[in-house]
Amino acid sequence: MTQAAAAQQSVKLGIVVVQGQIDAVNKQLSSGAVSSSDQAKLEGELAQLKAQQTQLNAQAKVVAQKSTEASQGRDAFINGTYNPGIAQVQAAQAQLNTKRAQADAGNTQLVQKQQQLAAAKTKLDQAAAQLTQARAKVQQSQQELAAKQKQAQAQIDAAQTELTNKTNEYNTKKAQFDQAEPGTQQKIKDAESKLNDATAMLNAVEDPVYSVDSKRETPGSDGYKIYDSVSVIVDSLSHIFPYFMYLVAALVTFTTMTRFVDEERINAGTLKGLGYSDRDVMKKFVVYGFAASILGAIIGIFTGHTLLPMIVYNAYKIGFNVPVIHLGFHWQVTLLAIVLAMLSAVVPAVWSAARELKERPAALMLPKPPSAGSKILLERIPFIWNHLNFTHKVTARNIFRYKQRMFMTIFGVCGSVALLTAGFAVQGSISGINEHQFGGVMHYNLIAAENTNVTDSQRKAIDTRLEKSDIQRSLPVHYESVSKVAGRNGDKQSVTMLVPRDTSSFDEYIKLNTRQGHHPISLDSNGAVISERFANLVHAKKGDTVDFKTVQARPTTSRSLASARCT
C-alpha cells in the first residue's frame with residue numbers, strides 16, 4: 001500500500017509539472033508578440049505537453065483504481081472474515097475462562113459436590129469441543145486471510161509493475177523534456193527580446209498629426225496634378241496650333257481659288273460674250289468655293305468632334321485612370337469653323353472673279369499678259385547676280401515679279417515649318433528630361449532610410465549592408481519632407497530637403513549646376529540650394545529667406561545616399 005501511495009503521489013507531481021509548462025507556453029502564445037515561426041514551434045511543444053498530460057492522467061486513474069481495489073479487498077477481508085473470527089475466539093476464550101473459574105470452584109467443593117463433578121466434566125468437554133471447533137474456524141479464517149492477502153499482494157505486485165513501467169516512461173518523457181527545455185528557453189528569450197524591441201518602438205511612437213488637404217493636395221494626388229498640368233499644356237498648345245494651321249489652310253485655299261479663276265479666264269470671257277451677266281458667271285466660282293468649304297468644314301467638324309478627342313483620350317488613358325469619354329457638340333466652334341471656311345474659299349473666289357470680270361469679253365478671251373518685269377534687288381549686286389546661272393536668275397525674277405505668290409509661299413512654308421518645329425521641340429524636350437535628371441543631375445541609385453525608431457540590431461544591419469562590395473559609396477544625410485503653399489492655385493508644394501553631413505563629396509551624388517550655362521553651385525553651411533522652378537513659385541531670389549512647414553511629426557529622419565555597382 002505504501003508503494004502504491006508513493007507511485008500515485010509521483011504521478012500527481014508529474015501532472016502538476018506538465019500543467020505548469022502548458023500554462024507557460026499558453027501565456028507566451030496569448031501575448032501576441034511571437035513571430036509566426038516561433039508560434040508554430042510553441043504550438044508543437046504545447047501539443048507534446050498535452051499528450052504527456054493525457055498519458056499521466058490515464059496512469060493516475062489506473063494507479064488510483066488499483067489502489068482502491070486493493071484497499072477494498074483488504075477492508076472486505078478484515079471486516080467480513082477476520083474480525084468476526086476474532087470475536088468468536090474471544091467469546092470462546094471468555095466462556096473457557098468462565099468454565100475454568102467454575103472448575104476451580106468445583107475443585108474446592110469437590111468433596112462436597114462430588115455428584116456435580118460428572119455434570120461439570122460433561123460441560124467442560126462440551127466447552128472443549130466448542131473451543132476445538134472455534135480453533136478450527138480460526139485456522140480456516142487464517143487460511144482464507146492468507147489466500148486473500150496472497151491475491152491482494154499479487155494485485156499490488158501487478159500494480160507496482162505497471163507503476164514502475166509508467167514511472168520509467170515518465171522519466172523518459174521528462175528526459176526528453178529536459179533536453180528540449182534549453183532550446184525552448186532560448187526561443188522564449190528571443191521572443192522576449194523581439195517583444196522588448198517592439199515595445200520600445202511602440203513607446204517611441206508619438207501622437208499623430210492631422211492636416212487638412214484640398215483635392216489637389218491630398219497624398220497620392222500627384223496624378224491629378226500631372227493630369228492638370230498636362231491638360232493646361234495641351235490647352236495652351238490648342239490656342240496656338242489652330243492659328244498656324246488655319247493660316248496655312250487659308251493661304252493654300254486663297255492661292256488655289258485665285259489660280260482657279262485665272263485658269264477659267266477664257267471660259268468666263270466666252271460666257272460673258274454670249275450674254276451672261278457677271279453675277280451668272282461668278283456663280284460658278286462661288287458655288288465651287290462654297291461646296292468645297294462646306295464639305296471640308298463638315299469633314300473637319302466630324303473629325304474634330306470624334307476622331308481627335310479619341311486620340312487625345314487614348315493618349316491620356318495610357319498614363320492615367322480617367323473615366324469613359326463623353327463626346328459633346330460645340331456649336332460655337334462649329335459655327336466659327338464654317339464661317340472661317342467660307343471666308344477662306346468663297347471670299348477669294350468672289351474677289352478674284354469680280355476683278356477679272358471688270359475687263360471686256362474680248363480681253364478676257366485672251367491669255368492674261370504677264371506682269372511687267374523690272375530690275376530686282378539682286379541685279380543691283382553684281383557680285384551675286386553674275387555668279388547665278390540662267391535658271392536661278394529666271395526663278396529669282398519670277399519670285400519678285402509675282403509678289404503675292406511669293407508672300408503666300410513664304411507664309412505657308414513658315415507656318416508649316418513652325419508647326420513641325422514646335423512638335424519635334426516638345427517631343428525632344430519631354431524625352432530628354434529623364435535622361436538629364438537621372439543621368440546628369442542625380443548619380444545615386446537608392447536612399448536607405450533610418451528613422452528614429454530603429455533598433456540597434458536594425459541599425460547594425462543597415463551599416464553592414466552599406467559596407468558590402470556591391471555598394472560603391474554612401475553618404476549619410478538628413479532627410480525631411482517639408483511643404484510650402486505657393487503656385488497659381490495656392491497648392492501645398494511638397495519639398496524634399498536633404499542635408500548632407502559632409503558637403504565636400506555631395507557633388508558625387510547630386511550635381512548642383514545652373515540651368516543656363518551649367519555653372520557649378522557651391523553648397524555650404526550659410527544657405528540652401530533650391531530649384532529654379534520652386535524659386536519662381538515662391539518668388540525667391542538669392543539672399544531671400546523661405547519659410548517651410550514640416551510635414552512629418554518627427555523631422556529627425558536620417559538616410560543614406562548610396563551608389564550601387566551593377567553586377
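Mentor: I will begin with the chain as a whole, move on to the salt bridges, and then turn to the cores, the surface and the confidence of the model.

Bear in mind that this is a predicted model, in which local features need pLDDT of at least 70 and side-chain atom pairs count only at pLDDT 80 or more, while totals for chains, interfaces and linings use all residues. Residues are numbered from 1 along each chain as its sequence is written, and side-chain values use heavy atoms, with hydrogens and water left out.

Let us start with the overall picture. The chain has 14 helices and five strands; these are DSSP runs numbered from the N terminus, with helices (H or I) of at least four residues and strands (E) of at least two. Of its 567 residues, 22% count as buried. Here buried means under 20% relative accessible area, exposed means over 50%, and partly exposed is in between (1.4 Å probe, protein chains only).

The structure holds four salt bridges, each being a side-chain nitrogen of Lys or Arg within 4 Å of a carboxyl oxygen of Asp or Glu. One of them joins the side chains of Glu264 and Lys284, with 2.8 Å from N to O. This pair links distant parts of the chain: Glu264 sits in the loop between α5 (241-263) and α6 (265-273), whereas Lys284 belongs to helix α7 (residues 278-319), 20 residues apart. Glu264 counts as buried because its relative accessible area is 15%, while Lys284, at 41%, is partly exposed.

Asp280 pairs with Lys283, their closest N and O atoms being 3.8 Å apart. Both residues lie in helix α7, three residues apart, about one turn of the helix. Asp280 is partly exposed at 37% relative accessibility, and Lys283 is partly exposed at 45%.

Arg397 is partly exposed at 36% relative accessibility, whereas Glu379 is buried at 19%.

What about the nonpolar side chains? The largest nonpolar core has eleven residues, among them Met257, Phe260, Val281, Phe285, Ala349 and Leu364. Such a core is a set of buried Ala, Val, Leu, Ile, Met, Phe, Trp, Tyr and Cys residues joined through side-chain atoms within 4.5 Å. The elements giving two or more residues to this core are α5, α7 and α8. A second, separate core of ten residues includes Ile22, Leu46, Leu56 and Ala60. Leaving aside residues up to four places away in sequence, the contacts (heavy atoms within 4.5 Å) of Leu364 include Arg265, Ile266, Gly269 and Leu357.

Helix α8 (residues 331-356) is where you will find Thr334. Thr334 is buried, at 9% relative accessible area, and touches Ile301, His305 and Phe329, again not counting residues up to four places away in sequence.

Finally, a word on confidence. The chain averages a pLDDT of 75, and 84% of the residues score at least 70; pLDDT is the predictor's confidence in each residue, from 0 to 100. Among the elements, α10 has the highest mean pLDDT (85) and strand β5 (residues 558-564) the lowest (49). Over residues 553-560, pLDDT stays under 50, and the model has 37 contacts beyond four places in sequence for them. Residues 563-567 also stay under 50, with 15 such contacts in the model.
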